[in-house]
Amino acid sequence: MKALILIDVQNDFMPGGALAVPQGDEIVPLINELQEKFDLVVATQDWHPQGHASFVSSHKNAELYEVINLDGIKQVMWPEHCIQGSKGAEFHPKLNLNPVEAIFRKGTDPKIDSYSGFYDNAHLKTTGLAGYLNEKGVTELYFAGLAAEYCVYFSILDAVKEGFKSCLIEDATRALSSEDFKKAKRDLKDKGVKLLSSSEI
Ligand code: VGL
Ligand code: ZN
């Protein structure tokens, strides 16, 4: 069983959004075409309460994009984004949600961030995604979405740890920084993740 995992295809990560990923919107038509090639499609949704600990506005002396120590883990100071119930937290209006069987929300705990669709950044709480996929009999995961070197990358790391055969669809993701994405891709390859193009699916 093969599943397509759509990471955070939300307005705030699109050009013009609060945490815009350059050319993030270009992946939407491609994702819509890809969906029918899979047995199962699930999506994650970054879904923060107001005042979330990952927001620079929640800290007195922090600067935007600075890395702080938050309860013992590194935390980038992000602009406010994907606030529960906001337009920015909604999926891109052109994303076809009909084939999406389940949506896993993350980043809902005000005190801790969650890049991965599987666990929070301290790996303490599960979203239930791994259990869901296992119950569905899924063995192979194909990842697409935003942002490549954050939520896509950390989701794939957890997928590998959970024992899923994992692939990244390179043309169905976009990065905040191409340098950081290069590093992330090298690490994924080292961990046995297959990087492929949508034309190979
Ligand atoms: C993301 C930063 C903060 C992502 C989410 O979806 O990659 N990045 N929250
Ligand atoms: Zn976030």
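Trainee: Where does Gly-16 lie?

Mentor: This is a predicted model, and Gly-16 is placed in its loop between β1 (2-7) and α1 (27-34). Gly-16 and Gly-88 are 72 residues apart in sequence, while their C-alpha atoms are 9.9 Å apart in space.

Trainee: Is Gly-16 buried or exposed?

Mentor: Gly-16 has 10 C-beta neighbours inside 10 Å, so Gly-16 counts as exposed. Glu-66 has 12 such neighbours inside 10 Å and therefore also counts as exposed. Glu-66 lies in the loop between β2 (40-46) and β3.

Trainee: Which residues are in contact with Ser-197, leaving aside its neighbours within four places in sequence?

Mentor: With those neighbours set aside, Ser-197 is in contact with Glu-170 and Asp-171. Ser-197 belongs to the segment after β8 (194-196). From Ser-197 to Ala-172 there are 25 residues in sequence and 8.1 Å in space, C-alpha to C-alpha. Ser-197 counts as exposed because 10 C-beta neighbours fall inside 10 Å.

Trainee: What is phi of Asp-71 near?

Mentor: Phi of Asp-71 is near 50°, which is a positive value in a residue other than glycine. Asp-71 sits in the loop between β3 (67-70) and β4 (73-76), and Asp-71 is exposed, with 10 other C-beta atoms within 10 Å. Phi of His-123 is also positive, near 60°, and His-123 is likewise not glycine. The loop that holds His-123 runs between β5 (100-106) and α2 (129-135). His-123 is exposed, with 12 other C-beta atoms within 10 Å.

Trainee: Which peptide bond is cis?

Mentor: The omega angle is the one to read here. The peptide bond from Leu-146 to Ala-147 is cis, with omega near -20°. Ala-147 is found in the loop between β6 (140-145) and α3.

Trainee: Which residues are around ligand 1?

Mentor: A ligand site may be read first as a list and then by residue class. Around ligand 1 are Asp-8, Phe-13, Leu-19, Asp-46, Trp-78, Leu-146, Ala-147, Tyr-150 and Cys-151. By class, the shell has seven nonpolar, no polar and two charged residues.

Trainee: At what angle do α3 and α4 pack?

Mentor: Helix packing is described by the angle and the separation of the two axes. Helix α3 (residues 148-161) and helix α4 (residues 178-190) pack at an angle of about 10°, and their axes are 10 Å apart. An angle under 35 degrees counts as roughly parallel, so α3 is roughly parallel to α4. At the contact, Ala-148, Glu-149, Tyr-153 and Ile-156 in α3 meet Asp-180, Phe-181, Ala-184 and Leu-188 in α4. By class, this contact has six nonpolar, no polar and two charged residues.

Notes: Residues are numbered from 1 along each chain as its sequence is written. Chains are lettered from A and ligands numbered from 1 in the order in which they are written. This is a predicted model: local features need pLDDT of at least 70, side-chain atom pairs count only at pLDDT 80 or more; totals for chains, interfaces and linings use all residues. A residue is near a molecule or strand if its C-beta atom, placed from the backbone, lies within 6 Å of it. Ala, Val, Leu, Ile, Met, Phe, Trp, Tyr, Cys and Pro count as nonpolar, Asp, Glu, Lys and Arg as charged, and the others, Gly among them, as polar. Axes are lines fitted to C-alpha atoms, for helices over the stretch in contact, and angles run from 0 to 180 degrees between N-to-C directions. Helices (H or I, at least four residues) and strands (E, at least two) are DSSP runs, numbered from the N terminus. Angles under 35 degrees count as roughly parallel, over 145 as roughly antiparallel, 65 to 115 as roughly perpendicular and the rest as oblique. Two residues are in contact if their C-beta atoms, placed from the backbone, lie within 7 Å. A residue is buried if 20 or more other C-beta atoms lie within 10 Å of its own, exposed if 12 or fewer, and partly exposed in between; C-beta atoms are placed from the backbone.
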